[in-house]
Amino acid sequence: MALSTNRTVNQLLKPLTAAISATRCLSSDSTSIITVESSLPFTSHKIDPPSRAVETSPNELMTFFKDMAEMRRMEIAADSLYKAKLIRGFCHLYDGQEAVAVGMEAAITKKDCIITAYRDHCIYLARGGGLYESFAELMGRKDGCSKGKGGSMHFYKKESGFYGGHGIVGAQVPLGLNMAALWDLPAILVCENNHYGMGTAEWRAAKSPAYYKRGDYVPGLKVDGMDALAVKQACKFAKEHALKNGPIILEMDTYRYHGHSMSDPGSTYRTRDEISGVRQERDPIERIRKLILAHDVATEKELKDIEKEKRKVVDEAIAKAKESPMPDPSDLFTNVYVKGFGVEVFGPDRKEVRATLP
Amino acid sequence: MAAIIQGIGAATALTSPNSLDIKKSFLSISPRSLSVRKGSSFVVSSDGRLSYGLNGRGGRAEHFITNAVAAKEDTAAASTSSKPGHELLLFEALREGLEEEMDRDPTVCVMGEDVGHYGGSYKVTKGLAPKYGDLRVLDTPIAENSFTGMGIGAAMTGLRPVVEGMNMGFLLLAFNQISNNCGMLHYTSGGQFKIPIVIRGPGGVGRQLGAEHSQRLESYFQSIPGIQMVACSTPYNAKGLMKAAIRSDNPVILFEHVLLYNLKERIQDEEYVLNLEEAEMVRPGEHVTILTYSRMRYHVMQAAKTLVNKGYDPEVIDIRSLKPFDLYTIGKSVKKTHRVLIVEECMRTGGIGASLTAAITENFHDYLDAPIVCLSSQDVPTPYAGTLENWTVVQPPQIVTAVEQLCQ
C-alpha cells in the first residue's frame, strides 16, 4: 500500500520537477506576494488585533530562513565553545526564540532603537552585527564588539540603534511603562515570554501570566513567538500604533531550548519531553522551512545547502576569532571615561600635576 | 551528613571518647547560653575549649587557624572516624548554619530568587524548601527592591528573614530599601522597630562574569549607618557568621564570594557561633600586619608562602567584620609589627581599605613606622576578557612586592 503511494508520488513529482524549477526561477527572485495565515489568531487587550493574514514574499521567507539558520548555528556553536571553556562566565542562549528577533527586524528599520536584557546575541546579529565580532567578544578578544570588555551580556551597536545588552534586570518594566504611557511615547514593550524566569515557572512568579494584559490602560497583543510571520505582523501593527497613540505591549509566546544560561541544565524545572515537544511542533526554523517548501520557493536540497553554508560561515568566524589577539594590558584603563583615564588633577598648590593612574 | 546539635537531647554521631567529653561539657552549658538572646555569645575554639561572655568582649578566645587555605590534604583518604568533625564545602557550611538556625527558631525564613524549588543558584538553600515548605523558603519574583522591602517588613513584624541576592550586584536595585529601611528604621522610630534581617549573596570578581556581575558592594554599603557587614572566607567562618548574623537583632549583610563556594574544610560537629565583630588571626607574625578579607585572604596566604621563603614573617588577619572594624585585634597587631598592608578586592576609591586606612591612622598613628599601604582593585568596571580581569584584582606577586617595599 505504502509502496504504491510512494511510487505514484514519485511519478507525480518527476515530470513536474522541470516545470517547478522553471517557475521557481521566476518566483524566488521576484518579490511576488505570498499571503500566509499566522499559526494562531492574535489575542488582544484593549485594541483590535491585526488580521491573521500576513503578506510576505519569497525573498523575505528566504531571508528569514537564512537569518534564523545563522542564529541557531551561532548559539549552538557558542554552547560548544562554552563547554570548551573558550567562553567563560555567563552565557545566555537564544535558540528557540529566533523568530522573535527576525520577525521584529522585518517590521522595523535600523533607525528604530532596540534595548534588551542579557539574552542578546541574536538581537545583535539581527541588528546587523557580525559573527566575527560576536565570537570575538564572547571569547574576550580585542576585536569583539565591545573590545572584549563586555562579554556575552554586553553587546551594543550604536550605528544600528541597538542599545544593549544588560546584565541586571528587575522591575524596570512597570515603571517604564507608566512613563511611556503618561507621555505617549512611541515605545513598544516586547515580552519574550519563554515561560521561565531562570528556574521558576511563570505561574509561580506572576499572579497573572497574561503579560499582554498587564499594561492595564496600555493595549497589548499576544503573539505566537515561534512564528516569524506572526511576529512581523504584530510588530508592524505595533509600530503604527506606537507612532500614533503611544505605548503598546507585545507578548511573544516563545520558548528557549537551552537552560537560562550555560550553568543551568534547563532540565531540573522542566521535562525533556516538554522541550522536545516544543522543538517538534513549534520550532521556528521548521515552520519557515515548511512554508518555503509548500510555496515552492526553494527545494529541500537548497535549504540544506543554506544550512551547511551557514555552518561553514559560523565555523570560519569562530576560527578567525580564535586567532584574534587578546586585549592589551593598557586596554584595562581605556573607555572608563570619555577623555581617557589619567585625568589631570592638580595638587593643593594648583601647580603640581598628579596623574591618577593607580 | 552533618551532625547537628540542638540543645539538650539531640543525638550526635561523635565516636571518639574525647569528643564525647566535649559534648557533655558543651551540653551542660548550652541551654543557658542559648536562652540568653541579647548580646551574649560563645566561642568554641578549635581545641574544644569553650568560653562565653557577654557581647563578645569577655570571651576573647584566641582562634588560630594555622592553615588558612582549606587544606587539600584533608581530601586525601583520611578516614572520617579518626578525625573529629566532618568535611564540607563552603556552600554546604552556609546551608548547615541556615538549617540549624531554622530548626532552632521557627521565625527564621528565607526569601530570594530560585531559593526554593531550584535549590538556590549556588546551592546554598538546596533541600530546604522540601523540608520547611514553600512559604518559609520563598521563591520570589525578579524584583529585588520589592522582596528586600518585603523582608524588612517581615523583620519589623517579628520574623527573622534571610534575604538572598542571587548576585550582590542585583542588590543595587534594593539600595533604597537597604539604606533607608534597614539602616534607618530602628533609629527613626526611636527604637520601636528592630530589623533582624540578614541580607546575603555572592559578590566579588568571579571568572569572567562581566562588569555588572562582578561588583563589590561592601564599598557602597559601608557608609550606611545602622547595618553591620561581615565577609566570610572559609567554611568554618561561613557557618559561624551565618548563625551569628541570624541571631543578631541588627541588620547584617553577609558577603560571600562567588569563587569561594567550593572550598572544602573539616569543621567540628558541635554547634558553634562566631562573633560578628571579631577579626580572625590567620597567621601570627612579627614583621608586617596584612589585613584582608574574603577571597584576597587566599591571595595573601599564597604570597605569604613566598614571603616566608624570603625570610619575612607576615602577620595575616582576616578582618571578617567590615563594619564595624575590629580595631582591638587590628590595634594589637599594629602595636606589635608597626607596619600595615591592606589587601582587598574593593576598588581603590572609597573601598573598605580606604576606610580602614583612615581608621588605623586615626587610632594608631604613633605605632606606625611606615605609611599604610593599601592594595586594591583597579578603579575600572571589571572587564570580561580573562587577562584584563586578572589585572583588575590584586595578585600574589604584587603583595610580595608591597611587603618587601614596606619592610625596607
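In this predicted model, P324(B) sits in the loop that links β14 and α10 (327–337) of chain B. The peptide bond between K323(B) and P324(B) is cis, with omega at about 0°. Chain A has a cis peptide bond too, this one joining G164(A) and G165(A), with omega of about 20°. G165(A) also falls in a loop, the stretch between α5 and α6 (172–182) of chain A. Another backbone detail turns up at K85(A), where phi is near 65°, a positive value in a residue other than glycine. K85(A) belongs to the loop between α2 and α3 (98–107) of chain A.

Back in chain B, β14 is part of an open sheet. Seven strands make up this sheet, in the order β5-β4-β6-β7-β9-β8-β14, and their pairing is mixed. At the edges are β5 (137–139) and β14 (321–323) of chain B, each of which pairs on one side only. Ignoring direction, neighbouring strands are turned by 20° against each other on average. As a reminder, strands of a sheet pair through backbone hydrogen bonds, either parallel or antiparallel. For β14(B), the pairing with strand β8 (residues 228–231) of chain B is antiparallel and runs over two bridges. Here V230(B) has S321(B) in β14(B) as its bridge partner.

Helix α2 (residues 90–104) of chain B touches β4 (108–112), β5, β6 (160–164) and β9 (252–257) of chain B, and its direction makes about 135° with that of β4(B). Helix α4 (residues 144–156) of chain B, in turn, lies across β4, β5, β6 and β7 (198–203) of chain B, and runs at about 165° to β6(B).

Zooming out, chain B splits into domain 1 (86–268) and domain 2 (280–407). Their C-alpha centres lie 26 Å apart, and 31 residues of domain 1 of chain B are in contact with 27 residues of domain 2 of chain B. Chain A is divided as well, into domain 1 (34–264 + 278–327) and domain 2 (330–357). Taken over C-alpha atoms, the centres of these two domains of chain A are separated by 41 Å.

Within chain A, helix α2 (residues 58–83) packs against two helices described here, α5 and α11. Against helix α5 (residues 131–138) of chain A, the packing angle is about 20° and the axes are 12 Å apart. With an angle under 35 degrees, α2(A) therefore counts as roughly parallel to α5(A). The crossing is right-handed. On the α2(A) side, E70(A), M74(A), A77(A), A78(A) and L81(A) take part, and they meet L131(A), S134(A), F135(A) and L138(A) in α5(A). By class, this contact has seven nonpolar, one polar and one charged residues.

The axes of α2(A) and helix α11 (residues 300–323) of chain A come within 9 Å and cross at roughly 45°, so α2(A) is oblique to α11(A). Here, too, the crossing is right-handed. Residues of α2(A) in this contact include M62(A), F65(A) and R73(A), while those from α11(A) include L303(A), E307(A) and K322(A). The contact of α2(A) with α11(A) has ten nonpolar, no polar and seven charged residues.

Technical notes:
Residues are numbered from 1 along each chain as its sequence is written. Chains are lettered from A and ligands numbered from 1 in the order in which they are written. This is a predicted model: local features need pLDDT of at least 70, side-chain atom pairs count only at pLDDT 80 or more; totals for chains, interfaces and linings use all residues. Side-chain values use heavy atoms; hydrogens and water are left out. Axes are lines fitted to C-alpha atoms, for helices over the stretch in contact, and angles run from 0 to 180 degrees between N-to-C directions. Helices (H or I, at least four residues) and strands (E, at least two) are DSSP runs, numbered from the N terminus. Angles under 35 degrees count as roughly parallel, over 145 as roughly antiparallel, 65 to 115 as roughly perpendicular and the rest as oblique. A crossing is left-handed if the near helix is turned anticlockwise from the far one by less than a right angle, and right-handed if clockwise. Contact means heavy atoms within 4.5 Å. Ala, Val, Leu, Ile, Met, Phe, Trp, Tyr, Cys and Pro count as nonpolar, Asp, Glu, Lys and Arg as charged, and the others, Gly among them, as polar. Two strands pair if DSSP finds at least two bridges between them. Domain bounds come from an automatic or database domain assignment.
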